[in-house]
Amino acid sequence: EGSKLFEGGKLLEGSKLFEGGKLLEGSKLFEGGGAISKLIERGQDTERFGLSDRLNETLKVATLQKKFQEFSRLCEQVVANVEFRSANTKSLGNLLAEIHLDCRKEEDDGESVNTPLKDFSQNLNEVQRKYVQQAMSVILCDRDLTGLLFVPLQELEPASPGPDYTYQQLVSIFDQPNIDFDIFVAETLESFTDILSCDSLVANAQVTNFYSHKFFVRLDESRRPNLSPIRLEQIDDENVFSCSNFLSSYQDLSTIDLVRYIGCILKLNSECSLHIIQNQAVNLPPSSLLFIVFQYYEHLLASISTEDCSMLMPQMESEWLTYLCRALSVHIPGWPRDWSEICSRHSNFFDFILSAFASNNLVYLNKYPTMKGSHKSLENLELSPLANFLMKEVGLTGVQDQLAWCKQNSFMPGFVRCILLNKEAATSEIPILVELGDSELLYDVGLLTEETSPDLSAHILRVYSKDECPLNWDEFARFLLKGSGGSVALGTLLSLSTLMGAEDLSTEFYPELLLKALKEKAYC
């Protein structure tokens, strides 16, 4: 109190505050909590006290900037140097993990700075952005390079997918690590939204990249809400057929535009979407087709309320599997080698397709009380390309093996085709052939001849009661007469008369039958 240590900004001459390195007794410089002590206690930043923190922050920013520059340089090497592309991509992956760790440390320290991975492109200049964009296009189009880039980061921050139905379905078809990795990549790509080329990445995506595919489509929608030549909002229930007809023949659509159009039409009419897929198959890679199929799965799920989910789920999955089989059937002829490689690489996928095919055939047969006409049904016939593909993948080349496979999987068009190629097997397949209710087919496979018709009629009498046989009797009688002659036909029809009604045979047939029988008797 009352001490004057400084006067005019200078230490007064003769004043002795410290003597022998100790504060002199009796001097009261900091009594009552002086300003200097308060500054120290509060940690307020003075010009000297904040210097160290500012230096540390400057060093951190400089270090991160160097890492971004090194990232850009490696991206340039990935594009330019094909020979060492894998090694450079591996270095990129390690560097990306380092940048992530630096960013996470900043967050843990409570720094109010923007995390670079949240807005990666803002830390690059125009030239660097160009290199990174080119490198990402190269890397994301290659399954192995994508792994080298993102696996180091995934090991630090693995994704935690939610237990949704789509995820469960994908895991049952493909390996879970592949799906989890795809989810992680899709989440990480949020940091690169400004420097991604959506169309090229969609066109070269892998079949396991559903979530990445979904991210690219969503990103393209945010960039280009309107498409050409038809605006999406112009497509409705009234013009969906005309729009699908136009788009199915329009050849100037990019892959991602085609995917977005089909996704829009899929919500309105699934038949129209299949029409576009069939006509644009060569412009739609397998990964995009599977993305569309799973889009339909999500649309069906969204149409079911939570309360009715457990009750309607079997019907929904049946509808989805039918759509899957039909989509594959019209698409496989345009990409046979690619689908064969996919089945070889993912064995669970092939088993799933085979199971879906058999299930779809059973669902169709269960719609009707009999099998009559199922071998001629357009709904079944359109699955023939898929059936041929599956038999080829299994390695079935012989007619007998294909016949057994078609019978096992309830595919009647294939079953009939194999019988026509191997008519000797018809006698052992009489029960199914009769159930198909096609008298012309019985004639074509040789079951209505003089030698074989007795066995056929015996089976009919043994199995069926009156009005139960699926055969049209008038049609059967005419082909029987054509195949076995008048005398045999007359005897066979007499034995089968207990199953017929009074009007089952036309009045014009009787004279024809009797006349032919008499001519044969007279000739003999």
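Colleague: What does Lys367 form a salt bridge with?
Modeller: Lys367 pairs with Glu379. Their closest N and O atoms are 3.2 Å apart. A salt bridge here is a side-chain nitrogen of Lys or Arg within 4 Å of a carboxyl oxygen of Asp or Glu.

Colleague: What sort of model is this, and how are residues numbered?
Modeller: It is a predicted model, in which local features need pLDDT of at least 70 and side-chain atom pairs count only at pLDDT 80 or more, while totals for chains, interfaces and linings use all residues. Residues are numbered from 1 along each chain as its sequence is written, and side-chain values use heavy atoms, with hydrogens and water left out.

Colleague: Back to that pair. Where do Lys367 and Glu379 sit?
Modeller: The salt bridge between Lys367 and Glu379 links distant parts of the chain, 12 residues apart. Lys367 is in the loop between α16 (347-366) and α17 (378-381). Glu379 is in helix α17. Helices are DSSP runs (H or I, at least four residues), numbered from the N terminus.

Colleague: What about α16 itself, how many residues?
Modeller: α16 has 20 residues. From its first C-alpha to its last, α16 reaches 29 Å, close to the 28 Å expected at 1.5 Å a residue. The expected span is 1.5 Å times one less than the number of residues. Buried residues of α16 include Phe349, Phe352, Ile353, Asn360 and Tyr364.

Colleague: How many salt bridges in the whole structure?
Modeller: The search finds 16. One of them joins Asp257 and Arg224, at 2.5 Å, N to O. That pair also links distant parts of the chain, 33 residues apart. Asp257 is in helix α11 (residues 255-266), and Arg224 is in the loop between α9 (210-223) and α10 (240-249).

Colleague: How accessible are Asp257 and Arg224?
Modeller: Asp257 is buried, at 10%. Arg224 is partly exposed, at 30%.

Colleague: Which residues are linked with them in a network?
Modeller: Asp220, Arg224, Asp257 and Arg260 form a network of salt bridges. Asp220 lies in helix α9 and is buried, at 6%.

Colleague: What does Asp220 touch?
Modeller: Leaving aside neighbours within four places in sequence, Asp220 is in contact with Cys198, Ile256, Asp257 and Arg260. Contact means heavy atoms within 4.5 Å.

Colleague: What else do the buried residues of α9 pack against?
Modeller: Besides α11, they pack against α4 (126-140), α6 (165-173), α7 (176-188), α8 (198-203) and α13 (286-302). Phe210, Tyr211, Phe215 and Leu219 are among the buried residues of α9. The 14 residues of α9 should span 20 Å, and its end C-alpha atoms are 20 Å apart, which agrees.

Colleague: Switching to α4. Gln128, buried or exposed?
Modeller: Gln128 is in helix α4 and is buried, at 11%. Gln128 touches Gln69, Ser72 and Asn123, not counting residues up to four places away in sequence. Its C-alpha is separated by 8.8 Å from that of Phe68, 60 residues apart along the chain.

Colleague: One more pair. Where do Asp474 and Arg478 lie?
Modeller: Both are in helix α24 (residues 473-484), 4 residues apart, about one turn. Asp474 is buried, at 19%, whereas Arg478 is partly exposed, at 33%.

Definitions and conventions:
Helices (H or I, at least four residues) and strands (E, at least two) are DSSP runs, numbered from the N terminus. Buried means under 20% relative accessible area, exposed over 50%, partly exposed in between (1.4 Å probe, protein chains only).
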